[in-house]
Amino acid sequence: MTDARKRADAAIRLTDRAALERQRKRAKRNSGAPGFLHEAALEEIHHRLADINRSFENPAIVTGFPSFWRNACPAALIVSDADPLPLAAQCHDLVIHAMALHWADDPVGQLVQCRLALRPDGLLLAVCPGGDTLIELRTSLMEAEIHLRGGASPRVVPMAGIGDYGTLLQRSGFALPVADRMVLPVTYKSPLALMQDLRTTGEGNALAARSRVPPPRSLFDAAAKHYRTGFPAADGRIEATFELMFLTGWAPAEGQPKPLRPGSAEARLADALGTNERKLER
């Protein structure tokens, strides 16, 4: 494949799948578990399933860390998050997409595949990092690289915000879609300790468009300086933000609650709030 073709291919693809799999294998080999962010996601998934008054007989889990996520549903079918998802149509009453949607080249396509794998009134629970994750590290790396090299290379996978994920659920055809978030502030001894933690969790730079030229040590020294200056924490540590997005949707089915049509309300909001309604002037 020519260099031009490789660049064009990288422009279409978000993820270098081979690099991502290497990072995940290294994470499993070094620590055996993908780290605290997966643990927090799994705990919250357990809480949400406990709040739903329903038992699930044929669950499936889409993940890059099968051994860890099997704890969510020991009897679940575990499948890789690589496209296409190996899920048969209408075979599951629950699909959990676990900490992998941010690496998908086509997140809408993956959500559609999950919906098609669900039986009518089956449940999707998806969790992945959100747009505020590592905002401090991304800012520091970008500022340092612009200062040193006059431009910035992609070094952290882009992650969407809550409004974007809500739109993805709607575009994917789910009924009763809900997107919400959990913010987890963490402190580290140093920016280097944070980057090492990312490597041990399999979340290093696996972007298809990343530069293959090894970055100079001066870049990380400059980024660490930006980081310590811009995002200090107590006791000489640095702060790091992690955000988890939770997406909930149901496969369409007869008898599900449906939103009312605009203008079909039988009571005025102003009356319910006890306020006077007035027209806006334009």
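At what angle do the axes of helix 5 and helix 7 cross, and within what distance do they come? Let's take that pair to start. Keep in mind that this is a predicted model.

Helix 5 covers residues 107–117, and helix 7 covers residues 162–171. Their axes cross at roughly 50° and come within 9 Å. That angle makes helix 5 oblique to helix 7. The crossing is right-handed. On the helix 5 side, the contact uses P107, V108 and L111. Helix 7 brings L168, L169 and R171. By class, that is five nonpolar residues, one charged and no polar.

Next pair: helix 6 and helix 9. Helix 6 runs over residues 135–149, helix 9 over residues 217–230. Here the axes sit 8 Å apart, and the packing angle is about 125°. So helix 6 and helix 9 are oblique to each other. Their crossing is right-handed.

Who makes the contact? From helix 6, we have E136, L137, S140, L141, E143, A144, E145 and L148. From helix 9, we have S218, L219, F220, A222, A223, H226 and Y227. Sorted by class, this contact has nine nonpolar, three polar and three charged residues.

Note on methods
Residues are numbered from 1 along each chain as its sequence is written. This is a predicted model: local features need pLDDT of at least 70, side-chain atom pairs count only at pLDDT 80 or more; totals for chains, interfaces and linings use all residues. Side-chain values use heavy atoms; hydrogens and water are left out. Axes are lines fitted to C-alpha atoms, for helices over the stretch in contact, and angles run from 0 to 180 degrees between N-to-C directions. Helices (H or I, at least four residues) and strands (E, at least two) are DSSP runs, numbered from the N terminus. Angles under 35 degrees count as roughly parallel, over 145 as roughly antiparallel, 65 to 115 as roughly perpendicular and the rest as oblique. A crossing is left-handed if the near helix is turned anticlockwise from the far one by less than a right angle, and right-handed if clockwise. Contact means heavy atoms within 4.5 Å. Ala, Val, Leu, Ile, Met, Phe, Trp, Tyr, Cys and Pro count as nonpolar, Asp, Glu, Lys and Arg as charged, and the others, Gly among them, as polar.
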